[in-house]
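Visitor: I am new here and would like a tour of this structure. Could you show it to me first?

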Amino acid sequence: MTLTVSLPDGSERTLPAGASAADLATSIGPGLAKASVAALVDGRLRDLSRTLPDGARVALVTRSDDHQDALWVLRHSAAHVLATAVRRVRPGAGIGFGPPIAEGFYYDFAVDEPFTPEDLEEIEARMREVTATATPFSRRRVDRAEAEALFADDPLKLERLAEIPEDEPITVYENEPFLDLCRGPHVPATNEIKHFKLLNAAGAYWRGDENRQMLQRIYGTAFYTRKALKARLHQIEEAKKRDHRRIGEAMDLFSVEEEVGPGLVCWHPAGARIQMELRRWIEDLLARRDYEFVYTPHIANEALFRRSGHLPNYAENMFPPMVDRGPGSGAAAIRLKPMNCPGHCMVFAARPRSYRDLPIRLSEIANVYRNERSGTLHGLLRVRMLTMDDGHLFCTPGQVEGEIFTCLELVRTVMTTLGLSYRFDLSTRPHSGKRIGGDEVWDAAEAALVQALERSGLDYDLDEGGGAFYGPKIDVKFRDAIGREWQGATIQLDFNLPERFELEYIGTDNRAHRPVMIHRAILGTIERFTGVLTEHFAGAFPLWLAPVQVRVLPISDAQQDAADSVRDALREAGIRAETDARSETLGYRIRDGELKKTPYLLIVGQREANEGSVAVRARGAEKKQIVMTAGEFLARVTDERDSRALAP
Ligand SMILES: [Zn+2]
Ligand SMILES: [Zn+2]
């Protein structure tokens, strides 16, 4: 008896029946057998030790810090090792979820006392004991009764168990003595996990539900190489230094006050200047691309959101209704808007449209309101009142490619100006479930997106089947200065809302047609984007974004008038300049200016005052000072601002 599998290069291999992925690797070569940690069997990640089904497509997953599947099994296994170690330190600990995540893994524990930093050290030491020997991760199928007996003293596991559908197999994984209800897969044995680190512990509600019990979550990370682990730990250190909440406090950019409410941002003058610059920039870019600007209400009848589908599908993210007592309202319920799309559809629908009017590009930098769980809120990165640079394009199917192309060009302009590297993900039609629109509609839409991407000369990754039921989309991912990847702009095609709102235009054939709708936000939300930029630049914003661009420092009182007139000339040219004539030493005031990351400090002594010059200290140039006339400096600084240069 034999079985035959196909390999990624298209070749086939025949093995004895009952052979595992590990046997397959050995049959190919000892090098591959040694390097493999798991296998993709018909696209699903599996243990090396599992028997291969006849006819399967098999790709061996080898140790690599660049391969998401390889990291996934390693980190999932590291989570089990963490739980093994926690049980040694706290034998009674209940076990919640322990998944791998983008940058590492975590495990949730039901324990009486939160974990201290000393506990983490001890747990990590116990983990090293576990990984010092090669204890296999062994998989076993059990029936429900056996599983219930195995986890009888762990109510969290029993709750999970009860949710596994009757027809789904129940499996446990054991790395002696730790046993977990788990789907797997895992690396072959515990000694595979060599380069790991526990990072921190925090309270986390069971299943993210604030009405349930509080568990203690331990975060860690793991890699296949020491080098990758070191790089990640360095990145974490850098990220702490750059935390936008810390920089925001030091630079007085914004605050989030309990008394105002969680997730609600007060922008202070310095932060508001950054927001204002971003808005002006975006509006200017859009105006040059024939966008039109609209304003739509922040509250609207519930009926609008029922029609748009937000209430049936998105209600948990919306704030509860308010009662409208207005005349003729019939005491209808009104809601804060979670998105701008319904309002923009109403603008489109407000008058008859002809193909000659299309494309219609509507833009609104607007606040939307989302009832995010308080546990998920985080500084500027996740808030409840969001400012979106929102836009909706309405066009004919034939115009989709051109419109997408313009959106991509806009993304490129924004990313390049800010010095961010970026890439694109194209998500195509979902494989299962109900889709809006026939195959020919999807074929044309996906082809248009591909053509636009290719015409832009931009690289993109394909997420096949990753699109929403109502249309394909392009996501932008960008990297910050310390290598972290962020979700950026989204360009989403939508065949659904035009249906729901019965949007129409009269075509060349004199008949009514549905327009295609494109949702696009380039910055996403201004809150989050500002938070990310603050961390990317570590507060040292390029001149055009800097809240204060120039500080003028008279050496003594005798030069204050001269300093003020330099400042006034700068302000006249629209430069954000201030005089710092506090009765502190010059050294103190220079340090303060540097601490606030001011792009330019201008020192005015008696000689400069007499000659109409300034001694210029550019940010980052250390003690180097260049003396120039006030006029020369003005020309330089306005040029730097107008070109939105990243550095002097
Ligand atoms: Zn597991
Ligand atoms: Zn939208």
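Visitor: Before we start, which pLDDT do local features need here?
Guide: Welcome! Residues count from 1 along each chain as its sequence is written, while chains are lettered from A and ligands numbered from 1 in the order in which they are written. This is a predicted model in which totals for chains, interfaces and linings use all residues, side-chain atom pairs count only at pLDDT 80 or more, and local features need pLDDT of at least 70.

Visitor: How far apart do the C-alpha centres of domain 2 and domain 3 lie?
Guide: The chain is split into domain 1 (2-62), domain 2 (68-233), domain 3 (266-298 + 337-536) and domain 4 (550-642), with bounds from an automatic or database domain assignment. Between the C-alpha centres of domain 2 and domain 3 the distance is 39 Å.

Visitor: How many helices and strands does the chain have?
Guide: Along its principal axes, the C-alpha trace spans about 95 × 70 × 55 Å. Helices (H or I, at least four residues) and strands (E, at least two) are DSSP runs, numbered from the N terminus. By that count, the chain has 20 helices and 33 strands.

Visitor: What share of the 648 residues in the chain is buried?
Guide: A residue is buried if 20 or more other C-beta atoms, placed from the backbone, lie within 10 Å of its own, exposed if 12 or fewer, and partly exposed in between. By this rule, the buried share of the 648 residues is 37%.

Visitor: Why do the buried residues of H20 line one face of the helix?
Guide: In H20, the buried residues are Phe-633, Leu-634, Val-637, Glu-640 and Arg-641. Seen down the axis, with directions taken from the helix axis to the C-beta atoms, these buried residues of H20 line one face because they fall within an arc of 135 degrees.

Visitor: Which exposed residues does the face of H20 turned away from its buried side carry?
Guide: The buried residues of H20 pack against several elements, including helix H17 (560-572) and strand E31 (600-604); contact here takes C-beta atoms, placed from the backbone, within 7 Å. The face turned away from that buried side carries the exposed residues Gly-631, Ala-635, Asp-639 and Asp-642.

Visitor: Is Gly-343 buried or exposed?
Guide: Gly-343 sits in helix H12 (residues 341-349). Gly-343 and Pro-297 are 46 residues apart in sequence, yet their C-alpha atoms are 7.5 Å apart in space. Gly-343 has 22 C-beta neighbours inside 10 Å, so it counts as buried.

Visitor: Which residue in E19 stands opposite Ala-300?
Guide: Strands of a sheet pair through backbone hydrogen bonds, either parallel or antiparallel. In this model, 3 strands form an open antiparallel sheet in the order E17-E19-E18, where pairing takes at least two DSSP bridges. The edge strands, E17 (299-301) and E18 (322-323), each pair on one side only. E17 and E19 (residues 333-336) are joined over 3 bridges, and opposite Ala-300 stands Arg-335.

Methods: Two residues are in contact if their C-beta atoms, placed from the backbone, lie within 7 Å.
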